[in-house]
Amino acid sequence: MLHTMSTSVEPASDRSADEVNEEIRALWHRSGGTLSVEQREEYQRLVLEWAAAAPQPAHAA
């Protein structure tokens with residue numbers, strides 16, 4: 001069976017960008033400013049979730 005990998009970023013939940021940002025800040029606070037390998041992976045996941053949840057600016061035509 002062949003599986004394909006999605007290239008789109010889908011948020012892990014329906015949280016707002018502000019909620020995800022708070023979790024990112026808490027992660028940095030808990031780590032003392034230095035992320036372990038596992039924390040870095042969590043950080044990357046959270047940043048992608050934040051980017052997907054953040055409002056997109058309107059482009060002028």
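Predicted model: local features only at pLDDT ≥ 70, side-chain atom pairs only at ≥ 80, totals over all residues.
Reader: Which residues of α1 are buried?
Author: The buried residues of α1 are Ala-17, Val-20, Ile-24, Leu-27 and Ser-31. They lie on the same side of α1, because they cover an arc of only 80° around the axis.

Reader: What do the buried residues of α1 pack against?
Author: Their packing partner is α2.

Reader: And which exposed residues does the face turned away from the buried side of α1 carry?
Author: That face carries Asp-18, Glu-22, Arg-25, His-29 and Arg-30, which are exposed.

Reader: How far apart are Glu-19 and Ala-53, in sequence and in space?
Author: Glu-19 and Ala-53 are separated by 34 residues in sequence, and their C-alpha atoms are 9.6 Å apart.

Reader: What takes a positive phi just after α1?
Author: Gly-32 does, with a phi of about 75°.

Reader: Turning to the core, which residues make up the largest nonpolar one?
Author: The largest nonpolar core has 5 residues, namely Val-20, Ile-24, Leu-27, Leu-35 and Leu-46. Its largest share, 3 residues, comes from α1.

Reader: Which residues does Leu-46 touch, leaving out those up to four places away in sequence?
Author: With those set aside, Leu-46 touches Arg-15, Val-20, Glu-23, Ile-24 and Leu-27.

Reader: On to aromatics: how many aromatic pairs are there?
Author: The count is 1 aromatic pair. Trp-28 and Tyr-43 form it in an edge-to-face arrangement, at 5.5 Å centre to centre with 80° between the planes.

Reader: Which parts does the pair tie together?
Author: Trp-28 lies in helix α1 (residues 17–31) and Tyr-43 in helix α2 (residues 37–53), so the pair ties together parts that are 15 residues apart in sequence.

Reader: Are Trp-28 and Tyr-43 buried or partly exposed?
Author: Trp-28 counts as partly exposed because its relative accessibility is 33%. Tyr-43 also counts as partly exposed, at 28%.

Reader: What is the accessible surface of the chain?
Author: The accessible surface is about 5,200 Å², and 56% of that belongs to carbon and sulfur atoms.

Reader: Among contacts between residues at least 6 apart in sequence, what percentage join residues at least 24 apart?
Author: Of those contacts in the chain, 51% do.

Definitions and conventions
Residues numbered from 1 in each chain as written. Heavy atoms only, no water. Contact = heavy atoms within 4.5 Å. Areas by Shrake-Rupley, 256 points an atom, 1.4 Å probe, with all protein chains shown as cover. Phe/Tyr/Trp six-rings, centres within 6.5 Å; stacked < 30°, edge-to-face > 60°. Helix = DSSP H or I, 4+ residues; strand = E, 2+ residues; numbered from the N terminus. Buried < 20%, exposed > 50% of the residue type's maximum accessible area, 1.4 Å probe, protein only. Core = buried A, V, L, I, M, F, W, Y, C linked by side-chain atoms within 4.5 Å. Arc of directions from axis to C-beta.
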